[in-house]
Amino acid sequence: MRIVIAGGHGQIALRLERLLAARGNEVAGIIRKAEQSDDLREAGAEPVLLDLESASVEEVAAHLRGADAAVFAAGAGPGSGATRKETVDKGAAVLFADAAVLAGVRRHVVVSSMGADANHQGDDVFDVYQRAKGEADDHVRGLDALDWTILRPGALTNDAGTGLVRLEARTGRGPVTRDDVAAVVAELLETPATAGLTLELVAGSTPVSVAVKAVAGN
């Protein structure tokens with residue numbers, strides 16, 4: 001498959017790129033800074049220089065045409081203010097999904113956040129983030145032209161992945177390693193029967209491939 005990843009230099013994205021490339025896929029990662037290119041190449045991905053906060057839907061679609069799947073793994077990141085939660089976590093996610101529709105790329109996986117909710121209350125930056133992610137997820141779920149899967153991981157850690165997770169519509173809060181998030185996204189991309197599902201993910205006791213097959217009904 002050819003897979004295009006938004007937020008290509010993110011911690012989950014770099015892990016995902018390595019996994020997908022190792023499986024023989026053609027991977028491209030969208031990045032904002034040219035100096036990030038070598039890290040993507042080292043991970044086995046083609047760097048695509050494009051700023052999702054300023055690009056048009058047509059410009060993004062041009063990089064998606066011919067792809068078999070798209071993954072939104074971008075984020076404003078810790079330390080960013082409320083404005084960038086709106087422009088990246090919501091705006092870029094909406095733009096990327098609309099561009100996938102325009103480019104005819106049906107398979108679409110979003111790395112969201114546990115607790116994402118368009119109706120989330122509060123004025124702190126984290127509250128804005130949860131609303132932005134929720135609004136973006138709602139937009140994606142409203143696009144009939146996409147075979148979408150929304151993945152909502154719990155608290156992310158940099159511990160070594162275990163390959164053991166809990167993946168369900170509702171898991172309750174808990175930690176999960178970035179390694180295991182990447183592994184689940186890679187498996188979701190190969191399991192089209194997970195389209196139309198919004199899933200929560202935390203550490204657990206079920207092997208990744210088994211967990212994904214279970215939610216797919218296999």
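The legends below describe close-up views of a predicted model. Local features need pLDDT of at least 70 and side-chain atom pairs count only at pLDDT 80 or more, while totals for chains, interfaces and linings use all residues. Residues are numbered from 1 along each chain as its sequence is written, and side-chain values use heavy atoms, with hydrogens and water left out.

**View 1**
Strand 5 covers residues 107-111; helices (H or I, at least four residues) and strands (E, at least two) are DSSP runs, numbered from the N terminus. Of its 5 residues, 5 are buried, where buried means under 20% relative accessible area, exposed over 50% and partly exposed in between (1.4 Å probe, protein chains only). R107, V109 and V111 point one way from the strand, and H108 and V110 point the other way. In a regular strand the side chains alternate between the two faces of the sheet.

**View 2**
Strand 4 (residues 69-72) pairs with strand 5 in the parallel sense over 4 bridges; two strands pair if DSSP finds at least two bridges between them. V71 has V109 of strand 5 as its bridge partner. From strand 4 the chain passes through helix 4 (residues 82-103) to strand 5 in a right-handed β-α-β crossover, that is, with the strands pointing away from the viewer, the path from the first strand over the helix to the second runs clockwise. Strand 6 (residues 147-153) and strand 5 are also paired in the parallel sense, over 5 bridges. In this pairing H108 stands opposite W148 of strand 6. The β-α-β crossover from strand 5 to strand 6 runs through helix 5 (residues 125-141) and is right-handed.

**View 3. Nonpolar cores.**
The largest nonpolar core has 34 residues; such a core is a set of buried Ala, Val, Leu, Ile, Met, Phe, Trp, Tyr and Cys residues joined through side-chain atoms within 4.5 Å. I5, V71, L151, V184 and V185 have the most contacts inside this core. Helix 6 (residues 178-189) gives the most to this core, with 8 residues. Leaving aside neighbours within four places in sequence, the contacts (heavy atoms within 4.5 Å) of L151 include V110, V111, L167, V181, V184, V185 and L188. A second, separate core of 33 residues includes A67, F72, A93 and V105.

**View 4. D137 in helix 5.**
D137 is found in helix 5 and is buried, with a relative accessible area of 1%. Its side chain makes a polar contact with the side chain of R152 at 2.9 Å. A polar contact is a pair of N or O atoms within 3.5 Å; within protein, one must be able to donate a hydrogen and the other to accept it, and residues adjacent in sequence count only if both atoms are side-chain atoms. Leaving aside neighbours within four places in sequence, D137 is in contact with V110, S112, A116, I150 and R152.

**View 5. Helix 7 and its buried face.**
In helix 7 (residues 208-215) the buried residues are V208, A211 and V212. Seen down the helix axis, these residues fall within an arc of 95°, so they line one face of the helix; the arc is that of the directions from the helix axis to the C-beta atoms. They pack against strand 8 (164-168), helix 6 and strand 11 (206-207). G217 follows helix 7 and has a positive phi, near 90°.
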